[in-house]
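User: Hi! Could you walk me through this structure?

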Amino acid sequence: MKLSEFLEDYGGWLAFIIALVATLGSLYYSEVAGFIPCRLCWYQRILMYPLTVITFVGALRRDDYLPGYVLPLSLIGMGVSAYHYLMEKGVVAASNTCAADVPCNISYVNYLGFITIALMAFTAFTLITLIMFGMHAAYRRDEAGQLPLPGEEGVY
């Protein structure tokens with residue numbers, strides 16, 4: 001089975017699983033571990049949580065337009081989480097707008113010295129984005145392959 005065929009058949013479900021794990025992970029960190037989300041964490045949640053529902057419905061319906069619904073949220077989410085990660089690592093100065101209750105440049109977790117919650121969110125958004133671009137390319141390839149050739153029935 002080719003990658004394009006796999007993404008056509010299972011890409012929506014794969015994106016759903018990634019979005020679900022990211023959503024449940026963020027809820028675990030805030031509700032079980034007791035980490036208070038910063039403002040950028042909330043923005044990432046606002047972008048990720050709907051992806052769980054959108055990808056679930058799109059996968060159920062086998063919606064060819066799913067990438068069009070998902071990509072705006074996942075691309076913006078990649079940008080927010082990349083900015084957040086750079087802020088956590090001190091590459092970008094902490095913004096005054098982030099200092100509501102919890103500063104955006106602190107890291108509750110730091111697995112292996114570089115894996116933070118913002119990096120996990122960036123990874124999830126990136127994987128979902130790559131899957132959606134792959135699905136979009138597979139759908140376009142199918143559409144192009146289904147066009148009748150000159151001289152075939154239906155072509156004038």
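Analyst: Happy to; here is a short tour, and please keep in mind that this is a predicted model.

User: Great. How many helices and strands does the chain have?
Analyst: The chain has four helices and zero strands. Read from the N terminus, the order of elements is α-α-α-α.

User: And what share of the residues is buried?
Analyst: Of the 156 residues in the chain, 38% are buried.

User: Switching to charges: how many salt bridges do you count?
Analyst: The count is one salt bridge. It joins the side chains of R62 and D9, at 3.5 Å from N to O. R62 lies in the loop between α2 (39-61) and α3 (66-88), while D9 is in helix α1 (residues 3-32), so the pair links distant parts of the chain, 53 residues apart.

User: Is that pair buried or exposed?
Analyst: R62 counts as exposed because its relative accessibility is 51%, and the cut-off for exposed is over 50%. D9 is partly exposed, at 28%.

User: Now I17, where is that one?
Analyst: I17 sits in helix α1. With 47% relative accessibility, I17 is partly exposed.

User: How far is I17 from I128?
Analyst: The two are 111 residues apart in sequence, and their C-alpha atoms are 9.7 Å apart in space.

User: Last one: what part of the contacts with a separation of 6 or more comes from residues 24 or more positions apart?
Analyst: Those residues account for 70% of such contacts in the chain.

Methods. Residues are numbered from 1 along each chain as its sequence is written. This is a predicted model: local features need pLDDT of at least 70, side-chain atom pairs count only at pLDDT 80 or more; totals for chains, interfaces and linings use all residues. Side-chain values use heavy atoms; hydrogens and water are left out. A salt bridge is a side-chain nitrogen of Lys or Arg within 4 Å of a carboxyl oxygen of Asp or Glu. Helices (H or I, at least four residues) and strands (E, at least two) are DSSP runs, numbered from the N terminus. Buried means under 20% relative accessible area, exposed over 50%, partly exposed in between (1.4 Å probe, protein chains only). Contact means heavy atoms within 4.5 Å.
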